[in-house]
Amino acid sequence: MVDCVLREGMMHGTTQTCGRRVSAQNTYWTWVGFITASAVYPGLMAEYIDLYIDLEKHLGTSGVNWCCVIQVWIVTVVKLAGTDVFVNWSTAMSVVAVLPSVIFMTYGCKEADPHAWVCALLKKMLI
């Protein structure tokens with residue numbers, strides 16, 4: 001199945017391994033999940049941005065809505081630009097999403113005190 005998935009795609013691999021009925025269900029529910037995520041994520045991101053930047057001040061009373069529209073347009077343009085552009089965009093966005101965690105962990109390692117962790121763990125175990 002792995003070889004089929006890599007060559008022909010997940011839905012085709014599911015058809016070959018589980019049959020057409022399971023593959024149809026898998027395809028439908030995957031599609032529903034992607035549609036739901038596409039509808040929810042721009043709003044979540046706009047609300048998150050609104051916590052730090054007063055969108056109403058910069059974009060008017062419907063600032064959060066405009067932020068959602070701008071996000072949807074950016075993603076639409078990137079997807080219409082083609083697969084290569086979309087793959088590069090997705091890779092860049094993955095790096096942007098993970099980078100803050102890596103930075104915080106790197107700085108946190110300097111302050112880490114394994115001795116304190118062990119003492120706290122032992123204290124909890126003994127209580």
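How many residues apart in helix α3 are Y28 and W31? They are three residues apart, so about one helical turn separates Y28 from W31. The model on screen is predicted.

**Stop 1: the aromatic cluster**

Select Y28, W29 and W31, which form one aromatic cluster. The count of aromatic pairs comes to three. For Y28 and W29, the ring centres are 4.9 Å apart and the planes stand at 75°; the pair is edge-to-face because that angle is over 60 degrees. Now turn to Y28 and W31. Their ring centres are 6.1 Å apart with the planes at 40°, so this pair counts as tilted. Y28 has a relative accessibility of 43% and is therefore partly exposed.

**Stop 2: S23**

Stay in helix α3 and select S23. Is S23 buried or exposed? S23 has 4% relative accessibility, so it counts as buried. To see what surrounds S23, show M11, T14 and T15, which S23 touches when residues up to four places away in sequence are not counted.

**Stop 3: P42**

Next, select P42, also placed in helix α3. P42 has a relative accessible area of 13%, which means it is buried, since the cut-off is under 20%. Show A37, C68, Q71 and V72 as well: P42 is in contact with these residues, leaving aside its neighbours within four places in sequence. P42 and K123 are 81 residues apart in sequence, and their C-alpha atoms are 45 Å apart in space.

**Stop 4: the largest pocket**

The largest pocket has a volume of about 690 Å³. It is lined by 18 residues, of which Y41, P42, Q71, V75 and W89 are the closest to its centre. Colour α3 (20–52), α5 (63–80) and α6 (83–111), the elements that give two or more residues to this lining. Which element gives the largest share of the lining? That element is α5, with seven residues. By type, the lining of the largest pocket divides into twelve nonpolar residues, five polar and one charged.

**Stop 5: the largest nonpolar core**

Hide the surface and select A46, L55, V64, C67 and C68. These five residues make up the largest nonpolar core. Helix α5 gives the most to this core, with three residues. As background, nonpolar side chains in soluble globular proteins tend to be buried together. Within the core, centre the view on C68. Not counting residues up to four places away in sequence, C68 touches P42, G43 and A46.

**Stop 6: I70**

Finish in helix α5 by selecting I70. Is I70 buried, partly exposed or exposed? With a relative accessible area of 42%, I70 is partly exposed. I70 and L121 are 51 residues apart in sequence and 48 Å apart in space.

Notes. Residues numbered from 1 in each chain as written. Predicted model: local features only at pLDDT ≥ 70, side-chain atom pairs only at ≥ 80, totals over all residues. Heavy atoms only, no water. 1 Å grid on protein atoms, 1.4 Å probe; cavity = no way out; pocket = protein on both sides within 12 Å on 5 of 7 lines; lining within 4 Å. Points joined across faces, edges and corners; volume = space filled by probe spheres on them. Helix = DSSP H or I, 4+ residues; strand = E, 2+ residues; numbered from the N terminus. Nonpolar A, V, L, I, M, F, W, Y, C, P; charged D, E, K, R; others polar. Phe/Tyr/Trp six-rings, centres within 6.5 Å; stacked < 30°, edge-to-face > 60°. Buried < 20%, exposed > 50% of the residue type's maximum accessible area, 1.4 Å probe, protein only. Core = buried A, V, L, I, M, F, W, Y, C linked by side-chain atoms within 4.5 Å. Contact = heavy atoms within 4.5 Å.
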